[in-house]
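Please read this report alongside the model.

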Amino acid sequence: MKILSLRYGENFAPPCGTMSAHRAVISMYGFVWYGKFGCPISKKVVTQVMKEKPARVLFIKSGSLERYWAEVETITRQCPDKKFIPEYYRNMASKVKRWIKIKRISVAQHNIMSQCVVVSSGMPLSIASKASMNPCLLVECIEATKNVE
């Protein structure tokens with residue numbers, strides 16, 4: 001299964017953390033919009049990820065062992081209604097390059113990155129994510145075929 005691997009940081013996050021803030025919005029509305037800052041995710045990668053059912057993103061927290069699965073409904077460039085964005089970055093919404101509509105977020109197993117291979121290079125994600133400056137990688141992942149909790 002092809003998935004998007006997305007490395008993120010806690011630069012602007014509230015004390016509860018990025019994923020907790022996004023989960024809180026899901027609890028209120030049934031979904032949340034995650035804003036991808038920096039270089040945009042290519043249309044080709046978006047198309048490949050969205051062909052998968054269900055479409056998934058593997059979030060990798062920089063400098064940490066935390067990994068999260070997200071079940072994705074859509075990925076777009078259009079800014080969504082701000083009430084569906086965590087409050088801590090609503091005022092930065094205009095700087096977001098891609099929006100990811102997420103239905104569910106769950107903790108991924110500890111060794112998930114060793115079960116994923118970067119499509120473009122064939123390298124294991126566990127190695128490529130440390131060596132690459134690109135926070136977005138299209139990967140093939142066996143674990144992604146299992147249900148998101």
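Helices (H or I, at least four residues) and strands (E, at least two) are DSSP runs, numbered from the N terminus. From the N terminus on, the elements follow the order β-α-β-α-β-β-β-β-α-β. That makes three helices and seven strands. The model is predicted: local features need pLDDT of at least 70, side-chain atom pairs count only at pLDDT 80 or more, and totals for chains, interfaces and linings use all residues. Residues are numbered from 1 along each chain as its sequence is written, and side-chain values use heavy atoms, with hydrogens and water left out.

**Overall shape**

The radius of gyration of the protein is 14 Å, close to the 15 Å that the globule rule gives for 149 residues, so the protein is as compact as a globular protein of that length. This radius is taken over C-alpha atoms, and the globule rule is 2.2 Å times the number of residues to the power 0.38. Along the principal axes, the C-alpha atoms fill a box of roughly 40 × 30 × 30 Å. Of the 149 residues, 47% count as buried. Buried means under 20% relative accessible area, exposed over 50%, and partly exposed in between (1.4 Å probe, protein chains only). Contact means heavy atoms within 4.5 Å. Among contacts between residues at least 6 apart in sequence, 72% join residues at least 24 apart.

Helix α1 covers residues 18-29. At 1.5 Å a residue, its 12 residues should span 16 Å, and its end C-alpha atoms are 17 Å apart, which agrees. The expected span is 1.5 Å times one less than the number of residues. Which residues of α1 are buried? They are Thr-18, Met-19, Ala-21, His-22, Val-25 and Ile-26. Seen down the axis of α1, these buried residues fall within an arc of 165°, so they line one face of the helix. The arc is that of the directions from the helix axis to the C-beta atoms. An α-helix has 3.6 residues a turn, so residues three or four places apart point the same way.

Helix α2 covers residues 43-51, with Val-45, Val-46 and Val-49 buried. Down the axis of α2, the buried residues fall within an arc of 100°, so they too line one face.

| Helix | Exposed residues on the other side | Elements packed against its buried residues |
|---|---|---|
| α1 | Ser-27, Met-28 | β1, β2, β3, β4, β5 |

**Strand β2**

Strand β2 (residues 32-36) is mostly covered: five of its five residues are buried. Val-32, Tyr-34 and Lys-36 point one way, and Trp-33 and Gly-35 the other way. β2 pairs with β5 (residues 98-107) in the antiparallel sense over five bridges. Two strands pair if DSSP finds at least two bridges between them. Val-32 stands opposite Ile-102 in β5.

**Backbone and loops**

Most residues other than glycine have a negative phi, and most peptide bonds are trans. Gly-30 follows α1 and has a positive phi, near 90°. The peptide bond from Lys-53 to Pro-54 is cis, with omega near -5°. Pro-54 sits in the loop between α2 and β3.

Tyr-88 is in the loop between β4 and β5. Tyr-88 is partly exposed, with a relative accessible area of 21%. Tyr-88 and His-22 are 66 residues apart in sequence and 10 Å apart in space, C-alpha to C-alpha. Leaving aside neighbours within four places in sequence, Tyr-88 contacts Phe-12, Ala-13, Pro-14, Thr-18, Ala-21 and His-22.
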